[in-house]
Amino acid sequence: MSSAAKDRVRLWLRLLKVVRGLEQELRDTLRREHNTTLPRFDVMSALSRHPEGLKMSQLSGVLRVSNGNVTGIADRLSEEGLVERIPVPGDRRAMMLRLTPQGTAEFALQAQAHEDWINEKLRGVSPEEARAMAARLQAFAAETEKEEKAHAQ
């Protein structure tokens with residue numbers, strides 16, 4: 001293996017270790033402090049960005065998970081009064097999900113706690129470094145997506 005390849009593998013392993021560690025801490029924090037899970041947080045986050053609501057299939061696409069994964073979470077959030085199901089006009093089988101006022105308020109609390117937690121965890125990264133790293137990762141993601149689309153054709 002070349003030196004460049006070894007450096008890239010080391011980078012990958014460090015990224016993986018950091019992300020997995022942060023994600024596990026986040027899961028524990030959400031469970032402990034908000035009695036929720038990361039998938040529930042993700043569903044509420046997606047819905048918060050779409051106040052008009054999303055069809056279940058759209059929500060699955062946004063989250064990149066199966067409809068089955070979203071349905072169970074949506075059921076529980078609905079039972080708790082955090083989301084509402086709205087029939088889609090002209091499509092008897094389709095339902096939209098939308099945060100209720102209670103869900104919006106609860107997500108605002110969770111989102112602020114999430115932001116504070118991430119900010120604290122990454123306090124050693126300057127805003128300039130954060131922007132540069134995010135830009136590089138975004139460029140990498142765009143390159144990867146472009147390559148995947150080219151291979152799929």
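In the predicted model, Ser45 is buried, with a relative accessible area of 15%; this value falls under the 20% limit for burial. Ser45 is part of helix α2, which spans residues 38–48. The side chain of Ser45 forms a polar contact with the side chain of Arg49 at 2.7 Å. Another residue of helix α2 is Asp42. Asp42 is partly exposed, and its relative accessible area is 33%.

Two packed helices are described by the angle between their axes and the distance between the axes. For α2 and helix α3 (residues 56–63), the packing angle is about 110° and the axes are 10 Å apart. The two helices α2 and α3 are therefore roughly perpendicular to each other. Their crossing, that of α2 and α3, is right-handed. On the α2 side the contact involves Asp42, Val43, Ala46 and Leu47, which meet Leu59, Val62 and Leu63 of α3. By class, the residues of this contact of α2 with α3 comprise six nonpolar, no polar and one charged. Between Asp42 and Leu63 the C-alpha to C-alpha distance is 7.5 Å, with a separation of 21 residues in sequence.

Helix α2 also packs against helix α1 (residues 3–34), where the axes come within 9 Å and cross at roughly 85°. This angle makes α1 roughly perpendicular to α2. Helix α1 contributes Glu23, Leu26, Arg27 and Leu30 to the contact, and α2 contributes Leu38, Pro39 and Phe41. The residues in the contact of α1 with α2 are five nonpolar, no polar and two charged. The charged pair consists of Glu23 and Arg27, both from α1.

A further contact of α1 is with helix α5 (residues 101–121); here the axes come within 11 Å and the crossing angle is roughly 140°. Helix α1 is accordingly oblique to α5, since angles count as roughly antiparallel if over 145 degrees. The crossing of α1 and α5 is right-handed. From α1, the residues in contact are Leu22, Glu25, Leu26, Thr29 and His34, while α5 supplies Glu106, Leu109, Gln110, Ala113, His114, Trp117 and Lys121. The contact of α1 with α5 divides into five nonpolar, four polar and three charged residues.

In helix α3, the residue Ser60 counts as buried at 4% relative accessibility. With residues up to four places away in sequence not counted, Ser60 touches Val65, Ser66, Asn67 and Val70.

Most residues other than glycine have a negative phi. Asn35, although not a glycine, has a positive phi of about 50°. Asn35 is located in the loop between α1 and α2 and counts as exposed, at 67% relative accessibility. Arg64 is likewise a residue other than glycine with a positive phi, near 60°. The position of Arg64 is in the loop between α3 and α4 (67–79). Arg64 is exposed, with a relative accessible area of 72%.

Terms used:
Residues are numbered from 1 along each chain as its sequence is written. This is a predicted model: local features need pLDDT of at least 70, side-chain atom pairs count only at pLDDT 80 or more; totals for chains, interfaces and linings use all residues. Side-chain values use heavy atoms; hydrogens and water are left out. Helices (H or I, at least four residues) and strands (E, at least two) are DSSP runs, numbered from the N terminus. Buried means under 20% relative accessible area, exposed over 50%, partly exposed in between (1.4 Å probe, protein chains only). A polar contact is a pair of N or O atoms within 3.5 Å; within protein, one must be able to donate a hydrogen and the other to accept it, and residues adjacent in sequence count only if both atoms are side-chain atoms. Axes are lines fitted to C-alpha atoms, for helices over the stretch in contact, and angles run from 0 to 180 degrees between N-to-C directions. Angles under 35 degrees count as roughly parallel, over 145 as roughly antiparallel, 65 to 115 as roughly perpendicular and the rest as oblique. A crossing is left-handed if the near helix is turned anticlockwise from the far one by less than a right angle, and right-handed if clockwise. Contact means heavy atoms within 4.5 Å.
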